[in-house]
Amino acid sequence: MSEKERALAARTVLQQCLRARLQVRPAGERSEAEFVQMDRGTVLYICFKGATDDILPKMASTLLNLRLCEADSGKLSSLLELPGSLLIVPQATLGGEAKGRAVQYHTDISKEDGLRLHSAFVSLREQEAAKAGPTVRHGSYGNRQVLSLDTNGPFTHPMEF
């Protein structure tokens with residue numbers, strides 16, 4: 001494992017979108033699948049690697065203030081500067097490393113720590129977003145992420161913390 005990978009706390013990908021729909025609970029024998037939806041905004045895919053609670057405020061601030069969203073004027077703005085929503089999608093596969101023809105996830109954080117960090121991160125994002133106005137939606141940690149997404153261009157940006 002490289003020195004950079006040892007120090008890596010989290011890996012994220014931001015994707016601007018026009019609409020998104022995420023399944024948060026699969027259908028059961030007696031229940032239909034449940035979804036969260038949003039219109040214009042940003043989808044945040046997140047994978048915790050060696051993260052601890054102290055990195056969460058920096059991540060939240062950086063990601064909310066990144067100028068990735070295209071305003072009606074064509075100018076790039078942050079999610080805080082636009083009317084828009086945020087959809088947080090836990091994505092453990094972002095932590096994978098190619099080994100030959102397979103992908104391994106040995107360096108991902110434990111499921112228990114990942115769930116705790118995901119919950120804390122969502123809570124922090126909801127608190128910060130409530131001050132500025134964007135609506136925050138999120139997927140369920142540990143579920144298969146079934147996502148439908150409409151975009152208006154390749155406004156995608158990976159980030160590592």
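Three strands make up an open sheet, arranged in the order 3-2-11 with antiparallel pairing. The model is predicted. A second open sheet has five strands in the order 10-7-4-1-12, and its pairing is mixed. The structure also holds seven salt bridges, and Asp 53, Asp 113 and Arg 116 are linked in a network of such bridges.

- Strand 2, which covers residues 19-25, runs antiparallel to strand 11, residues 147-150, and four bridges join the two.
- Ala 20 stands opposite Leu 149 of strand 11, while Leu 22 has Leu 147 of strand 11 as its bridge partner.
- Strand 2 is also joined to strand 3, residues 34-38, by five bridges, and these two strands run antiparallel.
- On the strand 3 side, Arg 25 stands opposite Glu 34.
- In a regular strand, side chains alternate between the two faces of the sheet.

- Strand 7, made of residues 85-90, runs parallel to strand 10, and four bridges join them.
- One of the paired positions is Ser 85, whose bridge partner in strand 10 is Thr 135.

- Arg 116 forms a salt bridge with Asp 53, with 2.7 Å between the closest N and O atoms.
- Arg 116 belongs to helix 3 (residues 111-132), whereas Asp 53 sits in the loop between strand 4 (41-48) and helix 2 (56-65), so this pair ties together parts that are 63 residues apart in sequence.
- Arg 116 forms a salt bridge with Asp 113 as well, and here the closest N and O atoms are 3.9 Å apart.
- Asp 113 and Arg 116 are three residues apart in helix 3, so about one helical turn separates them.
- Through these contacts, Asp 53, Asp 113 and Arg 116 are linked in a network of salt bridges.
- Arg 116 is partly exposed, with a relative accessible area of 38%.
- Asp 53 counts as partly exposed at 40% relative accessibility, and Asp 113 counts as partly exposed at 33%.

**Another salt bridge**

- The side chains of Glu 97 and Lys 99 meet in a salt bridge, at 4.0 Å from N to O.
- Lys 99 has a relative accessibility of 43% and counts as partly exposed.

Methods
Residues are numbered from 1 along each chain as its sequence is written. This is a predicted model: local features need pLDDT of at least 70, side-chain atom pairs count only at pLDDT 80 or more; totals for chains, interfaces and linings use all residues. Side-chain values use heavy atoms; hydrogens and water are left out. Two strands pair if DSSP finds at least two bridges between them. Buried means under 20% relative accessible area, exposed over 50%, partly exposed in between (1.4 Å probe, protein chains only).
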